[in-house]
Amino acid sequence: MKKIIFTGYLFSTFMLNAASAVKLEGGFKVGPAIILITILVLFIAVGLMNRAKDTSDYYAAGRSISRVGSGMAIASNWMSAASFLGMAALMYGSGYHGLSYVVGWTGGYVLLLILMAGQIRKYGKYTAPDFIGDRYYSQGLRVATACVTILISLAYCVGQFGGIGLMFKWVMGLDFFWSTVIGSVVVLAYTMISGMLGVTKNMMIQYVIIIVSFLIPLFMLTFKFDYFWLLPQIGYGAAVTDIVNGIPAPAAADMINSLGHDFAILPSPEYAMPWDASTGQTFFQWMAIVFSLMLGTAGLPHVIQRFYIVPRARDARWSVVWGLFFISLLYWSSPIFSAFGKILSSNPEVGSLAPDAIVVYTAQLGNIHPLIVGLLAAGAVSAAFSTVAGLLVAGSSAFSHDLYFKVFRPDSTPKQQMMMARIATVLMAVIVTVMSMMELALIAQLVALAFSFAAVTIFPLFLLGIWWSGSNKKGAIAGLSTGILVTIVSMTYFIAGKSGVVLPAQEFMNYWLGPWYFAWIGAPLAIFMNIIVSLMTEETPYEIRKFLVEKVHT
Amino acid sequence: MEEQKDYRISFFKPTTEFSKINRNLVIVLILIWGISVFGFQILLRIMEKPTPEKTLVTFERVWENVKAGNASTEEKVEFADCVLSVLGKSTLAAKPDKKAALNNALSWVVYDLMANDSLRSNFIGEISSFEKRRSELSDLKDPEYVSAKAEIINKVAPILNLEDYSLKAKLIPLELRSAGMESFSQENKDKLHGIMSLYLTHNQSVLTDTVFLGFPFHYFYTAVFLLILFVVLCWIYSFMIDRVHTRMGNFDKPKVTN
């Protein structure tokens, strides 16, 4: 790394205490506030311009979205505030172990594409519970998976409001209560008006904001650090090697961060070496997390639902290709913030960066202009909004379409269904807002379960439902029950561990059935049970087998 | 008549031409995907060897003498340097018990290296007042704090053969503790070797030590290459399936089924 002199000026926006982690300090900031308010108004305007006229618009955007548009929506829907603001923190804190999340969250899309995307679209339903209810000819399974969908959506949404609260507080100086209220009102306004149609159009815009706001500071940081800045995603490799070998003080004596510290770093091989013992993570955990996240990605209802919005199965397939490319743009870039954050915070007085918004801290420590950091905050809010909106539509669709229309009121008119979808959206938003305001740490931790939960419940049902006509209702019930049972066991041990209660074999269970990765055993078990019970019971009805062969696999 | 048709489908026993081609393609792509993701990590695991940092080798050379109280001044300086190398690692921040043992080791050895009792006694007082100032600190640029810090660095860095601008020198005022400075507790002595081994041993192999495009190779493979591979696999699948459909004359029309 060559020498470069920073025109260092102190930010007043760090709350720095020698004994604690670097955090953001709230306060009204004119430039970032204008950017943030502009994008909020834009989201509502786009919603108004794309009002849902019927249930097809509300649930599936009228099946009119292009491949690239749908790809952008897939990416934007996927990239939450947590992955935008905090994914770099995984690598910052646990080194190579953090990459298991990058690989898991992207590799799952390969499974999703080659095993499911086209077939799901060919099946032609609106929601994940809709597919399961029809494929397994069971109202009970429809209700159960609708409940799973709603639960996953709720848990996920609550996590997003943490990011919205943090950014609103930092940009506008608002407290968490008002941040949550404003965030809910805006996202609710455009989701309710426009349903999946406006949500998807907004997601495309949000993706552009997300990726532009994420990449600009990276180019600037890589340029300032004097690494190969034209392609930061490659250029930061030298930074990783520098961290491993250390940067001696003389070589960095003229380089200072926004707090006036130079960039020397002691040799830190633990940052990049695989499953380093000092991080407390193991080879097994790396593999189990990757496996579970991949299956979870392919089983998340709000992800699956995105394949219903394109006109044809072919578009569903290509939308995954585009979606994965767009997601990868961010995931290639995220470790860069982690590497620069590591170097910028190497001085003992800076201390560890708090994991909640490591991207913003790194940009600030690197002396990036406040307006660019404001744009970064806008990107974080966009990431949170796009995910919340997608989840609200998935959850409300499960309620109105799968529970109200398909189970309780099959004779309801499209107008009544639309009304119910909107009521469900409001209801979900209110529940999420209230849950967020309670700031229950446990809820945020339970979000971790969502991936494995989806991997052990929804994924096996889709996989076998599409690829094996022999999988029947009873097999599906057995598989789903197994998945739920494994989830309950893992959750019980996880909650007990967090609450200080010691259960039998606590340490063993917490290690082998961790909440992020219990699907490594849960998913194969659920699939196995589904197969065994299906083989022992009556065959799938003829009409369904015929539909599978003629419509889905031909 | 229609009932006579089988209409059974399984991934492993495809009944249509399209599903046979699709199955074969899926198997090939899944194999590439699985071997690339999991196979490489297994290879990494097989090839890796616990490799100590140079600091650990030095530590192990001097540790027995330091523990027994027979260490020479040079050995004590080397010992302090090793402890500072671990105290500078940010992964340590989350482990206060381990940090406390290291703080004790560093404080004790620095105290021990002081020339005489009067210097030692003043030094404890100086560290104690610095700790108090630091706990009440609101601005890192506070001139009194900055000067107190510099004074400690100027006093200790020469003893430890450190340049005053080095990162290790900057760690000194922040890592010295007045409490327990006069003794290195048996409990912390028992812990120290384990802590040093934990933080200074890493899983390394030719895959981690080879530099590729500036990256350690395994890091590049996982953080950059795998993502490219995923996009390429998805592209190949979509492209191939489109070709199959075109060849078979399948026109994938928009449809709505509810």
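Visitor: What makes R142(A) and D130(A) a salt bridge?

Guide: This is a predicted model, and in it the closest N and O atoms of R142(A) and D130(A) are 2.9 Å apart. A salt bridge needs a side-chain nitrogen of Lys or Arg within 4 Å of a carboxyl oxygen of Asp or Glu. The value of 2.9 Å meets that limit, so the pair is called a salt bridge. Side chains of opposite charge can pair when their charged atoms come close.

Visitor: Which parts does the pair of R142(A) and D130(A) tie together?

Guide: R142(A) lies in helix α7 (residues 139–172) of chain A, and D130(A) in helix α6 (residues 128–135) of chain A, so the pair links parts twelve residues apart in sequence. Over all chains, the structure holds 23 salt bridges.

Visitor: How many salt bridges are there between chain A and chain B?

Guide: The count is four. In a salt bridge between D242(B) and R314(A), the N to O distance is 3.2 Å. That is again within 4 Å, so the name applies.

Visitor: What else is counted between chain A and chain B?

Guide: There are 19 residue pairs in polar contact, both residues at pLDDT 80 or more. On the side of chain A that touches chain B, α5(A) supplies the largest share, 15 residues. By class, that side has 55 nonpolar, 21 polar and 18 charged residues.

Visitor: How much area is buried between chain A and chain B?

Guide: About 7,800 Å², of which carbon and sulfur atoms give 65%. In chain A, the residues that lose the most area to chain B are L266(A), W467(A) and Y542(A), together 9% of what that side buries. In terms of contact, 94 residues of chain A meet 85 residues of chain B.

Definitions and conventions: Residues numbered from 1 in each chain as written. Chains lettered and ligands numbered in written order. Predicted model: local features only at pLDDT ≥ 70, side-chain atom pairs only at ≥ 80, totals over all residues. Heavy atoms only, no water. Contact = heavy atoms within 4.5 Å. Buried area = accessible area lost by both parts, 1.4 Å probe. Polar contact = N/O pair within 3.5 Å; in protein donor to acceptor, adjacent residues only side chain to side chain. Helix = DSSP H or I, 4+ residues; strand = E, 2+ residues; numbered from the N terminus. Nonpolar A, V, L, I, M, F, W, Y, C, P; charged D, E, K, R; others polar.
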